[in-house]
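Please look through the structure shown here with its sequence beside it.

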Amino acid sequence: MAYSYGFMVEVLYQDLSNQDANYYYIGIPRSWQGGKDNEVTVIVHDVCVIVPQTIAGATGELLVLRLLEAMMEAKVINAGDIQKAIEHIL
């Protein structure tokens, strides 16, 4: 099931039954503009982030802002959460 928020964010709810012994496989929509790169960097921790190569070399500020923007648009976090996190970091 997918939900689209504006132009930039698409929320996909997937089960992780598509897997092998080592990996889960998740679907990324072919309409994702980062897919044009044919190469991505996948960062897996508590959160999985997939970064297209076209912005992989950008400043960290761009990556963080785009991630936060997407998470807010998808209603995963709100602006108050971001403010509290920044206060803890600083």
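## A buried residue in a strand

Val51 counts as buried because its relative accessibility is 8%, where buried means under 20% relative accessible area, exposed means over 50%, and partly exposed lies in between, with a 1.4 Å probe and protein chains only. Val51 belongs to strand β4, which covers residues 48–52; helices (H or I, at least four residues) and strands (E, at least two) are DSSP runs that are numbered from the N terminus. Between the C-alpha atoms of Val51 and Leu67, which are 16 residues apart along the chain, the separation is 9.8 Å.

## How the model is to be read

This is a predicted model, in which local features need pLDDT of at least 70 and side-chain atom pairs count only at pLDDT 80 or more, while totals for chains, interfaces and linings use all residues. Residues are numbered from 1 along each chain as its sequence is written, and side-chain values use heavy atoms, with hydrogens and water left out.

## The chain as a whole

The chain has three helices and four strands, and from the N terminus on its elements follow the order β-β-β-β-α-α-α. Along its principal axes, the C-alpha trace spans about 40 × 30 × 30 Å. Of the 90 residues in the chain, 10% are buried.

## Exposed residues and distances

Ser17 is found in the loop between β2 and β3, and Ser17 counts as exposed because its relative accessible area is 54%. The C-alpha atoms of Ser17 and Ala56 are separated by 29 Å, and these residues are 39 apart along the chain.

His88 is part of helix α3 and is exposed, at 70% relative accessibility.

## A pocket and a nonpolar patch

Rolling a probe the size of a water molecule over the atoms shows where empty space is left. On a 1 Å grid over the protein atoms alone, a pocket is an open set of points where a 1.4 Å probe fits, with protein on both sides within 12 Å along at least five of seven lines, and lining residues have an atom within 4 Å of a point. The second largest pocket has a volume of about 180 Å³, a volume being the space filled by probe spheres set on the points, which are joined across faces, edges and corners. Its lining consists of Leu16, Asn22, Tyr23, Tyr24, Tyr25 and Ile26.

Five of these lining residues are nonpolar, one is polar and none is charged, where Ala, Val, Leu, Ile, Met, Phe, Trp, Tyr, Cys and Pro count as nonpolar, Asp, Glu, Lys and Arg as charged, and the others, Gly among them, as polar. A nonpolar surface patch is formed by Leu16, Tyr24, Ile26 and Ile28, with about 380 Å² of accessible area together. Patches are made of residues with over 30% relative accessible area and no salt bridge, with nonpolar side chains (Val, Leu, Ile, Met, Phe, Trp, Tyr) joined within 5 Å and like charges within 9 Å; a salt bridge is a side-chain nitrogen of Lys or Arg within 4 Å of a carboxyl oxygen of Asp or Glu. Accessible areas come from the Shrake-Rupley method with a 1.4 Å probe, and for residues only the protein chains shown count as cover. Tyr24 lies in the loop between β2 (9–12) and β3 (40–44), and Tyr24 is exposed, at 52% relative accessibility.
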